[in-house]
Amino acid sequence: MRRVTVTVSGRVQGVGFRWSTRGEATRRGLAGWVRNRDDGTVEAELEGADDDVEDMVTWLHHGPGSAEVAGVVVAEITPTGETGFRQR
(Lines give C-alpha, C1' and ligand atoms only; values in the text may rest on other atoms or scores of the structure.)
Protein backbone atom coordinates (compact mmCIF):
# COMPACT_ATOMS: atom_id res chain seq x y z
CA MET A 1 0.00 0.00 0.00
CA ARG A 2 1.29 3.45 -0.94
CA ARG A 3 0.07 7.01 -0.34
CA VAL A 4 1.38 10.15 -2.02
CA THR A 5 0.53 13.80 -2.05
CA VAL A 6 0.75 15.42 -5.48
CA THR A 7 0.74 19.09 -6.46
CA VAL A 8 0.06 19.87 -10.12
CA SER A 9 0.79 23.30 -11.59
CA GLY A 10 -0.03 24.92 -14.92
CA ARG A 11 -3.44 25.59 -16.43
CA VAL A 12 -5.17 23.08 -14.17
CA GLN A 13 -8.12 24.99 -12.69
CA GLY A 14 -11.32 25.62 -14.62
CA VAL A 15 -10.58 22.83 -17.10
CA GLY A 16 -12.24 19.83 -15.41
CA PHE A 17 -9.01 18.64 -13.81
CA ARG A 18 -10.51 17.68 -10.43
CA TRP A 19 -13.50 15.96 -12.02
CA SER A 20 -11.26 13.97 -14.37
CA THR A 21 -8.85 13.12 -11.56
CA ARG A 22 -11.69 11.75 -9.45
CA GLY A 23 -12.86 9.57 -12.33
CA GLU A 24 -9.38 8.26 -13.12
CA ALA A 25 -8.62 7.56 -9.46
CA THR A 26 -11.94 5.78 -8.95
CA ARG A 27 -11.36 3.68 -12.08
CA ARG A 28 -8.03 2.56 -10.60
CA GLY A 29 -9.58 1.76 -7.20
CA LEU A 30 -7.62 4.47 -5.40
CA ALA A 31 -8.64 6.26 -2.22
CA GLY A 32 -8.02 9.90 -1.34
CA TRP A 33 -9.08 13.31 -2.54
CA VAL A 34 -8.39 16.16 -4.96
CA ARG A 35 -8.85 19.92 -4.49
CA ASN A 36 -8.04 23.30 -5.99
CA ARG A 37 -5.59 25.44 -4.04
CA ASP A 38 -5.69 29.22 -3.76
CA ASP A 39 -2.34 29.50 -5.59
CA GLY A 40 -3.84 28.04 -8.81
CA THR A 41 -2.47 24.53 -8.38
CA VAL A 42 -4.37 21.30 -7.87
CA GLU A 43 -3.47 19.08 -4.91
CA ALA A 44 -4.33 15.40 -4.53
CA GLU A 45 -3.66 12.59 -2.11
CA LEU A 46 -3.73 9.11 -3.61
CA GLU A 47 -3.66 5.79 -1.78
CA GLY A 48 -3.69 2.28 -3.14
CA ALA A 49 -1.58 -0.45 -4.69
CA ASP A 50 1.88 0.73 -5.78
CA ASP A 51 1.27 0.14 -9.49
CA ASP A 52 -2.10 1.92 -9.43
CA VAL A 53 -0.67 4.95 -7.62
CA GLU A 54 2.25 5.13 -10.06
CA ASP A 55 -0.12 4.86 -13.03
CA MET A 56 -2.24 7.69 -11.62
CA VAL A 57 0.82 9.90 -11.04
CA THR A 58 1.80 9.30 -14.66
CA TRP A 59 -1.71 10.37 -15.75
CA LEU A 60 -1.45 13.55 -13.63
CA HIS A 61 1.58 14.62 -15.68
CA HIS A 62 -0.80 15.40 -18.56
CA GLY A 63 -4.30 15.36 -17.01
CA PRO A 64 -7.40 15.83 -19.14
CA GLY A 65 -7.06 17.15 -22.69
CA SER A 66 -8.09 20.68 -21.71
CA ALA A 67 -5.30 21.04 -19.12
CA GLU A 68 -1.76 22.28 -19.63
CA VAL A 69 0.39 20.71 -16.92
CA ALA A 70 3.61 22.61 -16.24
CA GLY A 71 4.86 20.67 -13.22
CA VAL A 72 4.11 17.81 -10.86
CA VAL A 73 5.58 17.43 -7.37
CA VAL A 74 5.12 14.08 -5.62
CA ALA A 75 5.87 13.30 -1.97
CA GLU A 76 5.47 9.99 -0.19
CA ILE A 77 3.30 10.08 2.95
CA THR A 78 2.04 7.45 5.38
CA PRO A 79 -0.97 5.41 4.20
CA THR A 80 -4.09 5.99 6.31
CA GLY A 81 -6.35 3.16 5.18
CA GLU A 82 -8.80 5.65 3.71
CA THR A 83 -11.51 4.34 1.40
CA GLY A 84 -13.25 6.10 -1.46
CA PHE A 85 -12.12 9.07 -3.49
CA ARG A 86 -13.67 12.52 -3.21
CA GLN A 87 -13.42 15.87 -4.90
CA ARG A 88 -13.11 18.78 -2.47
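Residues are numbered from 1 along each chain as its sequence is written, and side-chain values use heavy atoms, with hydrogens and water left out. Because the model is predicted, local features need pLDDT of at least 70 and side-chain atom pairs count only at pLDDT 80 or more, whereas totals for chains, interfaces and linings use all residues.

The UniProt record, an unreviewed entry, carries the annotation "domain: Acylphosphatase-like" for residues 3-88. UniProt positions are given in the numbering used here, feature names are shortened, and annotations may be inferred rather than shown by experiment. Over residues 3-88 the chain is 26% helix and 41% strand. The end C-alpha atoms of this stretch are 18 Å apart. Helices (H or I, at least four residues) and strands (E, at least two) are DSSP runs, numbered from the N terminus.

Strand S2 (residues 31-36) takes part in two pairings, where pairing requires that DSSP finds at least two bridges between the strands. With S3, S2 runs antiparallel, and six bridges join them. Tryptophan 33 has glutamate 45 as its bridge partner in S3. The hairpin of S2 and S3 has five residues between the strands. In this hairpin, glycine 40 takes a positive phi near 90°. With strand S5 (residues 85-87), S2 pairs in the parallel sense over three bridges. Here glycine 32 stands opposite phenylalanine 85.

Tryptophan 33 also meets a charge. The charged end of arginine 88 sits over the ring of tryptophan 33, 4.2 Å from its centre. The criterion is NZ of Lys or CZ of Arg within 6 Å of the ring centre and within 35 degrees of the ring normal.

The largest nonpolar core has 19 residues. Such a core is a set of buried Ala, Val, Leu, Ile, Met, Phe, Trp, Tyr and Cys residues joined through side-chain atoms within 4.5 Å. Val6, Phe17, Leu46, Met56 and Leu60 touch the most other members. Strand S1 (2-11), helix H1 (17-27), S3 and H2 each give two or more residues to this core. H2 gives the most, with five residues. In soluble globular proteins, nonpolar side chains tend to be buried together. Methionine 56 is in contact (heavy atoms within 4.5 Å) with Thr21, Glu24, Ala25, Arg28, Leu30 and Leu46, leaving aside its neighbours within four places in sequence.

The structure holds one aromatic pair. Phenylalanine 17 and tryptophan 59 form this pair, which is tilted, at 6.0 Å centre to centre and 50° between the planes. Rings of Phe, Tyr and Trp (its six-membered ring) pair if their centres lie within 6.5 Å; planes under 30 degrees apart count as stacked, over 60 as edge-to-face and the rest as tilted. Phenylalanine 17 is buried at a relative accessible area of 1%, and tryptophan 59 is buried at 11%. Buried means under 20% relative accessible area, exposed over 50% and partly exposed in between (1.4 Å probe, protein chains only).

Two further residues are partly exposed. Alanine 49, at 39% relative accessibility, lies in the loop between strand S3 (42-48) and helix H2 (50-60). Its C-alpha atom is separated by 12 Å from that of glycine 81, 32 residues apart along the chain. Glycine 71, at 22%, is found in strand S4 (residues 68-77). Glycine 71 is in contact with Thr7, Val8 and Ser9, its neighbours within four places in sequence left aside.
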